[in-house]
Amino acid sequence: MQNTILIWLGSLLGVLITGLIGYVAYRFWYHMGRLPKPPFQELEAKPAPENWSDDEVTFTWIGHSTILLNVYGTKILTDPVLGEKLGLRIAGIVHVGPRRFTPPALDADEIGSVDLILLSHAHMDHVDLPTLRRLAHPSTHVITASNTGKLLRRMPFASCKELAPGQAITTEDGVTVTAISVRHWGNRFPWNHDYGYNGYVIEKNGVRILYPGDTAYMSMEHLPQKFGQFDLVFMPIGAYKPDSYQAAHCTPEQAWQMFKESGGKWLVPIHWNTFVLSREPVDEPLQRLLAAAGEEKNRIIVERQGETFAFHK
């Protein structure tokens, strides 16, 4: 009798597991079937960071949330993701994850060694371990969110400093980086409940730059009161459909509203036109952002990967 019950329970468990796998597979393929399928896009511009001046602030949008800046001689790279695909490589053979439809404006060799890497949170479209291994250098320092530094263990960086919102650090060459709160989440896998997530304020020689990483809408009216006027504001504008995604990602209209609340001078749209992560058409985020800006759309700069912008105080 006991053996019969065990066999029956085992069969029931097998049916439940098979049903769960089938449901997950169905939801995955249903979601994938509703995603846009854009053709591969060639770059329209190619940056030349070797020609940038250390007497001003220069930057280029490499793709997604990856930005290379030269801030008065300090080379800073945000959330570097340069690979062809996101996600996981299984058994070293199968790579599961979305593929780029726009190539990075610079590869690791063209970027070269940088002084500082900023990591906002551990999602795979912001922390790409193969990219970080390529960029690891004994002269490069890393600032990352709470409890995420372990991901860089054994990589030969000069240092890795974790910051929680409200904490700040000033580098030897005079760059102050302050972590700020954003509306997002930090898990890399379902069990990483302790992983933090940040935005950053970057300051040097009187220039202020706001890099929120990823965020849903949140009021930014308090930021200029605390830090002063921002020269550059990098704002994510993609991955907002279906509407449930807006719990972690702002819409283009909300991005414009947050930019206005921040008191920034120029807005640089990021987190779009690189990977298909959601259901909105790939060109829609910029179209909606420009429409929201109206007569002030000239304040939106660097609309395509590889474009370069420079200024000085």
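I take two rings of Phe, Tyr or Trp as a pair if their centres lie within 6.5 Å, using the six-membered ring for Trp. I apply this to a predicted model.

**Entry 1: the ring cluster.** I looked up which rings are joined through such pairs, and found that Phe-59, Phe-234, Trp-266, Phe-309 and Phe-311 are linked into a cluster. For the structure I recorded nine aromatic pairs.

**Entry 2: Trp-61 and Trp-272.** I noted 5.9 Å between the ring centres of Trp-61 and Trp-272 and 20° between their planes; the pair is therefore stacked, since planes under 30 degrees apart count as such. I then located the two residues: Trp-61 belongs to strand 1 (residues 57-63), while Trp-272 sits in the loop between strand 14 (266-270) and helix 6 (284-293), so this pair ties together parts 211 residues apart in sequence. I found both Trp-61 and Trp-272 to be buried.

**Entry 3: Trp-266 and Phe-309.** I next examined Trp-266 with Phe-309, an edge-to-face pair with 4.9 Å centre to centre and 70° between the planes. Trp-266 is in strand 14 and Phe-309 in strand 15 (residues 308-311), so parts 43 residues apart in sequence are tied together by this pair.

**Entry 4: cysteines.** How many disulfides does the structure hold? I recorded zero disulfides. Cys-250, at 1% relative accessibility, counts as buried.

Conventions: Residues are numbered from 1 along each chain as its sequence is written. This is a predicted model: local features need pLDDT of at least 70, side-chain atom pairs count only at pLDDT 80 or more; totals for chains, interfaces and linings use all residues. Side-chain values use heavy atoms; hydrogens and water are left out. Rings of Phe, Tyr and Trp (its six-membered ring) pair if their centres lie within 6.5 Å; planes under 30 degrees apart count as stacked, over 60 as edge-to-face and the rest as tilted. Helices (H or I, at least four residues) and strands (E, at least two) are DSSP runs, numbered from the N terminus. Buried means under 20% relative accessible area, exposed over 50%, partly exposed in between (1.4 Å probe, protein chains only). A disulfide is a pair of cysteine sulfur atoms within 2.5 Å.
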